[in-house]
Every structure is written in C-alpha cells, then in structure tokens.
Amino acid sequence: LRLDKFSGTVLYLRDLAYALLQRGHSLVVYSPRIDGGAAEQLRQLTIPVVSSMSDLSFTPDVIHAQHFHETAAALVRYPGVPAVYVCHDWSSVHDAPPNLTRIRRFVAVDETCRDRLWELGIAAGRAAVVFNAVNLARFRKRPKPLPDQPARALVFSNNAMESGYLEIVRAACRETGLTLDVV
C-alpha cells in the first residue's frame with residue numbers, strides 16, 4: 001500500500017482508520033512509502049503512520065491487511081497476531097493475497113474480487129463480500145430527484161486516460177448531447 005499518492009484503496013484505508021479511531025480504537029498505519037498527501041491526511045486525522053514496523057512499541061491485536069508484500073511483512077513481524085485481508089482489485093498483482101492460515105478471514109469488496117479470491121485458492125468459507133461503505137453523513141441524499149433527462153456526466157477514476165476507455169465515453173456523451181466532466 002503506497003501512501004505517497006491517492007488511490008481507491010488508500011481512500012478506503014483513510015476512511016476506515018478514521019472511523020475506527022472515532023470509535024475509540026488505537027491503530028497505526030504501516031506502509032513502506034509514507035511521503036505524500038495520503039500519509040499527511042492520516043497524520044492530520046491523528047492517525048500514526050510508520051514506514052517500518054520496528055518503529056512500533058507494541059504488538060497489535062489484529063492486522064488489517066491489504067496488498068501482498070505489506071501483509072507478508074506484517075505476518076512475519078508479528079507471528080502470533082491474526083489477520084483479516086481485504087481484496088480491492090480483480091487484477092492487480094498487489095491485491096493477490098498470501099493464502100496463509102493466520103489470515104482468519106478474506107474480505108472482498110465485491111463479487112468479482114470474491115471470485116478472484118476463490119480463483120487463487122481461498123476456500124469459500126474463508127471469503128466474504130463486504131461492500132464498500134458510504135458515509136451517509138458526508139454524502140447526503142439529493143433534496144430533489146434527478147431529472148428525467150440527464151444533462152451532464154462525470155467520470156471519476158484514477159484510470160480515466162485518453163488512451164483508454166475515456167475516448168469511448170467522450171464519444172457516447174457527444175452522441176447523446178451530454179456535457180462530460182473528468183476527474
């Protein structure tokens with residue numbers, strides 16, 4: 001997990017860590033790359049961030065794991081600590097989990113990621129789907145319903161590149177008369 005840049009996984013981690021902190025849990029975020037905006041946001045939320053597990057002065061009760069290498073490093077560093085592994089991506093090599101018994105539960109954020117876990121040999125009884133949460137206090141329901149005919153479209157993605165699918169989306173929006181914003 002890289003905290004030197006933002007990604008969906010990093011935003012998930014930030015929101016989860018903050019929610020756990022608000023509920024009174026003590027936590028530390030480990031990543032080998034902590035120079036950047038994502039790490040700074042965590043620090044501003046008073047969540048400690050370390051790039052070396054030897055910097056920790058305690059043994060955690062549980063490891064919330066994401067990404068292969070960081071998971072393996074945490075399991076080696078804390079041999080008696082159980083882990084929960086969250087798979088966020090169908091294809092990324094980083095999201096292929098180590099299939100180890102210390103990982104008590106594998107969590108997929110959707111059915112496609114669950115299928116990947118199964119494909120990689122994780123037994124169905126050890127994998128569960130827990131959909132990404134939505135903070136309803138932060139994202140409120142619209143005060144009025146959407147119009148019958150949309151006027152604007154938004155692509156919100158790390159992967160929105162002109163050389164990829166974005167060209168197709170632009171063409172479809174032009175064809176239908178929609179204004180397109182890309183973030």
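Start by selecting Thr-46, which sits in the loop between α2 (37-44) and β2 (49-50); helices (H or I, at least four residues) and strands (E, at least two) are DSSP runs, numbered from the N terminus. This is a predicted model, in which local features need pLDDT of at least 70 and side-chain atom pairs count only at pLDDT 80 or more, while totals for chains, interfaces and linings use all residues. Residues are numbered from 1 along each chain as its sequence is written, and side-chain values use heavy atoms, with hydrogens and water left out.

Check the backbone here: Thr-46 is not a glycine, yet its phi is positive, about 65 degrees. Most residues other than glycine have a negative phi. Thr-46 counts as exposed because its relative accessible area is 58% (exposed is over 50%, buried under 20%, partly exposed in between, with a 1.4 Å probe and protein chains only).

Next, select His-67, in the loop between β3 and α3 (68-77). His-67 also has a positive phi, about 80 degrees, without being a glycine. Is His-67 buried or exposed? With a relative accessible area of 11%, His-67 is buried.

Now show the strands. In the order β3-β4-β5-β6, 4 strands form an open sheet with parallel pairing; two strands pair if DSSP finds at least two bridges between them. At the edges are β3 (63-65) and β6, each pairing on one side only. From one strand to the next, the twist averages 25 degrees.

Zoom in on β4 (residues 83-87) and β5 (residues 103-108), which pair in the parallel sense over 5 bridges. Pick Cys-87 and you will find its bridge partner in β5, Ala-108.

Move on to Ser-91, in the loop between β4 and β5. Ser-91 is exposed, with a relative accessible area of 58%. Draw a C-alpha to C-alpha distance from Ser-91 to Cys-113: the two are 8.8 Å apart in space and 22 residues apart in sequence.

For the last stop, select Val-134, in the loop between β6 (127-129) and β7 (152-155). Val-134 counts as exposed because its relative accessibility is 56%.

Definitions and conventions:
Axes fitted to C-alpha atoms, helices over the stretch in contact; angles between N-to-C directions.
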